[in-house]
Amino acid sequence: MVFRKPPDGGWGWVIVVVSFFTQFLCYGSPLAVGVLYLEWLDAFGEGKGKTAWVGSLANGIGLLASPVCSICVSSFGARPVAIFSGFMVAGGLMMSSFAPNIYFLYISYGIVVGLGCGLLYTATVTITCHYFDKRRGLALGLISTGSSVGLFIYAALQRELIDLYGLDGCLLIVGALSLNILACGSLMRPLESSYSPPPEKTCVDKVPDQYFVYHEKEKTVEENISILEKGYVDEKCANNMPDYKQDSILNKNVLSSINVNEKDTYKKKVVEQTNFCKQLAKRKWQLYLNYWEETMVLFKNKVFAALFVAILLFDIGVFPPSLLMEDVARSANINEDDYRMPLISIIGIMTAVGKLTLGTLADFEWVNTLYLYVTTLLMTGVALFAIPFAKSYLTLAMLSGILGFLTGNWSIFPYVTTKTVGIEKLTHAYGILMFFAGLGNSLGPPIVGWFYDWTQEYDTAFYFSGFCVLLGGFLLLLAALPCWNACTNQSSKLPPNTYSYKVASSA
């Protein structure tokens, strides 16, 4: 399959629009799950930590399964994966409306919807990268705001639907809206050139070469492994024959009366092909060894090791407000009549603003993206420490806006990773970091909920969250100050015989 040169426009802008709406439709409800969280608390009567697992799984499972998502998109293409994932998201939301208990929601909303969102994110990013080269940054920035706009709109939409139709009706309607992902996915036309398969010899002509004595010269092991990996056309042709014909030819030519020399040669070929498999397995095993060696080399980089800790602690601390801020306001006895806008909606719209602003700042040559990222971490920690002192809607709204803006640092995280490990190792390193980001997303809300269950107040929980983010920021700062120049100036060439692994990410 040969892909054409990215057009940087044309149908690519249609891809941007449908990818924007795809992320809008799939991430709107999971990111605005804080509105549903309040209803689930009242409906099932479970603890806050136990109930928080639903939203944390929905947002973290896509990151945790990023390698699987990448394999699916690479194997089947963006369009089939997007259409299939649309059914997953819509089906998971509709199934959640019939949930008899919180454990059912773990599966229907947490895993099914979360995995569907992860697949859709990978599909939209992949197809956009195929269509754009010079304007790839702009295109990715535009589609990434779809999730933030979805959070802004779905927070108010789900609250209104709950008031009108109840929790079950809200989930059914939101699930029906998600079916529009199918229309968006159908427009994700792959950018590939048509091709015609090369002419092949007829199967009848090639059968003797498969089952008779091999008279050609003996090939080396490397040549045979190459033939095996490329899918030798003769084997493909023979495999396309009906099974009964293959069996009859095999029995006729192998079990018939042939001389001793032919039998010896045939046995030699069987042994040689067995060695092919052994050599191929050994080579694949070497690939895995090289992968883990690459991983160990990455962790020897002090800045990367600190970055891995920072992203884990950041997601443990910063994700709970987007899920629990509505319950924080209710716990502070804030009258619902004082609400001008849902707090989650404020977080969503300011996240979009933060992504665009911080991404623009990162393009300036005089801005060090690592220091910019560390600054956002430290400011986020201070904002989390301030939440327990907010006792009015206005102060909570201000803190929600600040946290939303700072959470937009996702847009500069790839820049930071690139400067830390180099462009050649970006895919490998970014996949590892996104896995731990998903782990932080999954653990953060339940931990904060458990703190509330133990203490019956959110103050201790947000002190803990602020401490986690500040600790990660200071560790990254300490690791960066003495060796930042050395790390960025090091050559980042891959060792020989290593391979790149494509891993999906979430922003």
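**Salt bridges, helices and a surface patch**

Reader: Which residue forms a salt bridge with Lys50?

Author: This is a predicted model. The closest N and O atoms of the pair are 3.6 Å apart, within the 4 Å cut-off for a salt bridge. The partner of Lys50 is Glu46.

Reader: Is Glu46 buried, exposed or partly exposed?

Author: Buried means under 20% relative accessible area, and exposed means over 50%. Glu46 has 29% relative accessibility, so it falls in between and counts as partly exposed.

Reader: How far apart are the closest N and O atoms of Lys48 and Asp327?

Author: Lys48 lies in helix H3 and Asp327 in helix H14, 279 residues apart in the chain. Both residues are buried. They form a salt bridge, and the closest N and O atoms are apart by 2.7 Å.

Reader: What is the relative accessible area of Lys48?

Author: Leaving out residues up to four places away in sequence, Lys48 touches Tyr37, Leu41, Asp327, Gly449, Tyr452, Asp453 and Tyr458. Buried means under 20%. Lys48 is buried because its relative accessible area is 11%.

Reader: Is Asp42 buried or exposed?

Author: Exposed means over 50% relative accessible area. Asp42 has 54% relative accessibility, so it counts as exposed.

Reader: Where is the kink in H3 centred?

Author: Helix H3 covers residues 48–64 and reaches 23 Å from its first C-alpha to its last, close to the 24 Å expected. Of its 17 residues, 14 are buried. The helix has a kink of about 40 degrees, centred on Leu57.

Reader: What is the phi of Gln456?

Author: Most residues other than glycine have a negative phi. Gln456 is found in the loop between helix H19 (426–455) and H20. It is exposed, with a relative accessible area of 54%. Although Gln456 is not a glycine, its phi is positive, at about 60 degrees.

Reader: How far apart in space are Leu120 and Val81, C-alpha to C-alpha?

Author: Leu120 is found in helix H6 (residues 102–131). It is buried, with a relative accessible area of 0%. Leaving aside neighbours within four places in sequence, its contacts include Ala82, Ser85 and Ile181. Leu120 and Val81 are 39 residues apart in sequence, and their C-alpha atoms are apart in space by 7.2 Å.

Reader: Which residues make the nonpolar surface patch of about 260 Å²?

Author: Leu471 is found in helix H20 (residues 459–489). Patch residues need over 30% relative accessible area. Leu471, at 34%, counts as partly exposed. The patch is made by Phe467, Leu471 and Leu475.

Notes:
Residues are numbered from 1 along each chain as its sequence is written. This is a predicted model: local features need pLDDT of at least 70, side-chain atom pairs count only at pLDDT 80 or more; totals for chains, interfaces and linings use all residues. Side-chain values use heavy atoms; hydrogens and water are left out. Patches are made of residues with over 30% relative accessible area and no salt bridge: like charges are joined within 9 Å, nonpolar side chains (Val, Leu, Ile, Met, Phe, Trp, Tyr) within 5 Å. Accessible areas come from the Shrake-Rupley method with a 1.4 Å probe; for residues, only the protein chains shown count as cover. A salt bridge is a side-chain nitrogen of Lys or Arg within 4 Å of a carboxyl oxygen of Asp or Glu. Helices (H or I, at least four residues) and strands (E, at least two) are DSSP runs, numbered from the N terminus. Buried means under 20% relative accessible area, exposed over 50%, partly exposed in between (1.4 Å probe, protein chains only). The expected span of a helix is 1.5 Å times one less than its number of residues. The bend at a residue is the angle between axes fitted to the seven residues ending there and the seven starting there. Contact means heavy atoms within 4.5 Å.
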